[in-house]
Amino acid sequence: MKHSPALAALGLAAAMLASAGPAAADTVEDALVRDLGLTAEQAHGLPRAQARAAEIDAAAADLDAYAGSVFDVRTRVLTVHVTDGSAVAAVEALGAAAEVVDGDPDRVVRALNAAEPPEGVVGWYPEAGAVVVEVLPGSGVSAADLGVPDDAVRLVEAARPSTYGRIIGGHRFTAHGGGCTIGFSARGDGVEGFLTAGHCGRPGDVLQGPGGPVGVFRHSVFPGSDGAFVQVSPPWVVTNLVERYSTAYLEVAGSTPAPVGSALCMSSPTYGWQCGTLQARNQTVSYPQGTVRGLFRTNLCAGPGDSGAPIVAGDQAQGIVSGGSGSPGGGCTTFGQEVNPLLAMWGLTLVTS
């Protein structure tokens, strides 16, 4: 049974911005060739070779002299580091190469992990029998400051790291206690951010992520229209990606409006990636909170927290979820706010690369 139109928003808790990786190549081997500079021959069967190397490494880790390992993706050789030459034969018997190193880097890492790092230290990691400690340029940090022997660490200069979050359409966010969904990334006038539904927040409202504030509503309109622009700042970065709940994201290439009757697809945190039909444009909807004009009508299904979710025709952005009625199995109607009028209203450009 259908319900009266209601805002498909506000009510899912926390969680924002996922993390999966960039759009995948056609195959794993294609990606290995593209991203690691391998030849097709080197890439062929590499995952299986790595899996076998992992099994050997796990067996080698039981040796008292074990001090880590390194796998070479081009030669497919696993080299196991040991602190005692008497363990070389045992390593080679397992099917790996052996290299004798001075000291156990894991022991040094444990010692470093036992205390807060001194000012100017940004991180450390084990490498070939030693521990690399990354320090800010000009910090003057020494091994003595770390409380470890000089020959146990190698100091290298590095930039101050920061956490990153990518703005990806179809991921949830939280504002003033309620959940909505990221639509499409946009930029203009020296700012970057994303479009979402206007009823998700008013100008000045702060958007919260799992680690704290992520952005602020810079523009918002509702009723009349139903759109908003949330400005984000580093370390958050905008993308042209939309979640498809598969191995690859959709890459948005533009915002050309599709004719009525066209197939549309939506990234819904509630129902996943789903497709339907564009049934009408220039729809007027009377919500309890006010009337919205110039929407488009679809037979897609949206649920609580899906307001702002991106709707596309192929790789072309069409709009963001405003509201709707119904549920899967009983027939759905979802109304979308057109993207292009929002971009024009606020002098924004859709992010397409």
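The report below takes up confidence, then aromatic pairs, then the cavity.

This is a predicted model, in which local features need pLDDT of at least 70 and side-chain atom pairs count only at pLDDT 80 or more, whereas totals for chains, interfaces and linings use all residues. Residues are numbered from 1 along each chain as its sequence is written, and side-chain values use heavy atoms, with hydrogens and water left out.

The average pLDDT (the predictor's confidence in each residue, from 0 to 100) is 87 for the protein, and 90% of the residues score at least 70. Over residues 1-25, however, pLDDT stays under 50, although the model has 91 contacts beyond four places in sequence for them; a contact here means heavy atoms within 4.5 Å. Where pLDDT is low, the predicted coordinates should not be read in detail.

Rings of Phe, Tyr and Trp (its six-membered ring) pair if their centres lie within 6.5 Å, with planes under 30 degrees apart counted as stacked, over 60 as edge-to-face and the rest as tilted.

| Pair | Centre to centre | Angle between planes | Class |
|---|---|---|---|
| F173 and F217 | 6.4 Å | 55 degrees | tilted |
| F222 and Y287 | 6.2 Å | 45 degrees | tilted |

Because F173 lies in strand 9 (residues 172-175) and F217 in strand 14 (residues 212-221), their pair ties together parts that are 44 residues apart in sequence; strands are DSSP runs (E, at least two residues), numbered from the N terminus. F173 is buried, with a relative accessible area of 1%, and F217 is likewise counted as buried, at 2%, where buried means under 20% relative accessible area with a 1.4 Å probe and protein chains only.

The structure holds 1 cavity of 30 Å³ or more, a cavity being a set of points on a 1 Å grid over the protein atoms alone where a 1.4 Å probe fits but cannot get out, with lining residues having an atom within 4 Å of a point. The largest cavity has about 40 Å³ of space, the volume being that filled by probe spheres set on the points. Strand 16 (residues 236-242) gives the most to its lining, with 4 residues, and the lining residues include F184, V252 and L350.

Note on methods. 1 Å grid on protein atoms, 1.4 Å probe; cavity = no way out; pocket = protein on both sides within 12 Å on 5 of 7 lines; lining within 4 Å. Buried < 20%, exposed > 50% of the residue type's maximum accessible area, 1.4 Å probe, protein only.
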